[in-house]
Amino acid sequence: MYPENFRYTKEHEWVRVDGDTGTIGITDHAQQELGDIVYVDMPKPGTRVEQGGTLGSVESVKAVSDIYAPVSGEVSEVNPALAEAPEKLNADPHGDAWLVRIKLGAPAEVAKLMSAAEYQAYIGAEK
Amino acid sequence: MITKVRPHLSPNERLLFERSSPGKTAYQLPELDVPAVDPRGALGAENVRASIEGFPEVSEVEALRHFTRLSTWNYAIDYGMYPLGSCTMKYNPRVNELVARLDGLAWAHPYQPEALAQGAMEIMARLEAALAEITGMDAVTLQPAAGAHAELTGILLIRALLEKRGNPRRRILIPDSAHGTNPASAVIAGYAVEHVPSNPGGTLDLEVLHRIVDQDVAALMVTNPNTLGVFEHDIIQAAEILHAKGALLYMDGANMNALMGIARPGDFGVDALHLNLHKTFSTPHGGGGPGAGPVAVKKALEPFLPTPRLKRSGKKWAWDDKRKLSIGRVRAFYGNFGVLVRALAYILAHGGPGLRNVTLDAVLNANYIRHQLEPHFDLPYPAPNMHEVVFSDSRQAKRGIHTGDIAKRLIDYGFHPYTVSFPLIVHGALMIEPTETEGKHELDQFIDALISIAKEVETDPELVRTAPHGTRTTRVDEVTAARKPVLRWKPE
């Protein structure tokens, strides 16, 4: 369920690192908790974000939730598919429905995030 | 068993646009007895339309029945209990409506000269004084239009004071049990928000505060009692931690219904707070608004309050606009005056002992509900609760039934739903605030309804999952409504 090559945050975001780029999304657990997602608000490419700072927000029928940046850096790409079809976040949160790509500002940060096993233990305890 | 309501017929009603037929009117004007004027000449041709497309034309009886029929589809506080947690949907006493409609008040104009507005100004001055006494604060502004507007005003006051001291600072701390509007207010005032996790008891964690409060923190925004309905018992120590670093304590006073006449925020270290007159002080709420959100402050913040300020000039009241440090106006004229009149009438009708009884009864009602429902619903934070109680749907969720389903089933029982999925600190929250104005009979019916639904979840979960069944419209497709909203009626 939770890919081994991702790293995870306590706020239920994931990041997958390819070279100097991090692809960021929300976890399957997050989409389940949010329920049907109706709107995704992400910053424009070029925006600088800090680890733990607000990246954007996701709106479901239940609530609007902030999404926090799992790593620092500069937004290089925003997933264009989510503007028209936010429901993809419910269907494929770990794949096609990634949120943004970030050019990593501090690659060492990634190591501080949780592994798949640690994240699964974390959400198990949260329940 | 459903005892409070039974099905009855209610008329279907189309939109007025759809009822319209050309030439129908709901009025009859006398023949013109002065020379006709060409409006294009008087107003300019560009300002005059020959016709308004789609303008509904109906007769008087059609217009009257239209709105009367729609009103029968409604739910209102005059119809039954409205247990929305955090909203304080108490009864709006009719005498307050009578007072606000007195000719001299209802017809007062904000441009009336001061000499002809002394009565209205006296009402505002007395209300300011009463609210200062109730909260234990030094000065009050009545301008802000409602709670979130008042939060913004309060944070701007704090910012102005800190700027005057040389550094506005950058961060505002907000506990995870605070009202949802607090972070937005802080951000609009130019601050970064830092969330403060609660301790396992659901209250402020002093160790966390000790660690994160520094010279960069402008204020802590705390809701007290918090959204779990729990009193922040360490509030005095929290204020000391903040004050020691030059930071301020802002209190969201939306839950003042649990403190009024018993405890005063000014006595437990609060520097600024707002009140919701449309909650604690019984003025109409929601569709019957507008609201009013006075902000009360300690002396240090008083010079920054919005202008104009009321001041005593000899034996008369006057408006003072010449206040150099003021953050300026936050609202046209003097706030929502009609609401202020109702709130003062409420305060004077109750008096001090009466307001204290309001608080005691509000807390009693919430605890009665808690006690009766605790065997049937999970109570995640067992700390003593004040004016509201928050259950979780964790027992029902095991059968696939969530708080939203239970709320919708409650409609079938003749009640407005409670607050759903808030506060966020409780997973699957059922947040219930009865207020003091419900009697035992209505409370018992509400409790019986929820117990009955809890049993249905065990015996027939599908009945709850697909509720409501007895309403004009059954469960709506919230997802499509949010993803593809239709915001405007258009002819087919």
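At roughly what angle do the axes of H11(B) and helix H14 (residues 440-459) of chain B cross? Before the answer, a word on conventions. This is a predicted model, in which local features need pLDDT of at least 70 and side-chain atom pairs count only at pLDDT 80 or more, while totals for chains, interfaces and linings use all residues. Residues are numbered from 1 along each chain as its sequence is written, and chains are lettered from A and ligands numbered from 1 in the order in which they are written.

Let's start with chain B as a whole. Its C-alpha atoms occupy a box of roughly 75 × 70 × 45 Å along the principal axes. For 492 residues, a compact globule would have a radius of gyration near 23 Å, and the 26 Å of chain B agrees with that (the radius is taken over C-alpha atoms, and the globule rule is 2.2 Å times the number of residues to the power 0.38). Chain B holds 16 helices and 12 strands, which are DSSP runs numbered from the N terminus (H or I, at least four residues, for helices; E, at least two, for strands).

An automatic or database domain assignment divides chain B into domain 1 (16-71), domain 2 (95-349) and domain 3 (352-481). Between the C-alpha centres of domain 1 and domain 2 of chain B there are 44 Å.

Now back to the opening question: the axes of H11(B) and H14(B) cross at roughly 30° and come within 10 Å. Here axes are lines fitted to C-alpha atoms, for helices over the stretch in contact, and angles run from 0 to 180 degrees between N-to-C directions.

Finally, chain B reaches its partner: 5 of its residues are in contact with 5 residues of chain A.

Terms used
Contact = placed C-beta atoms within 7 Å.
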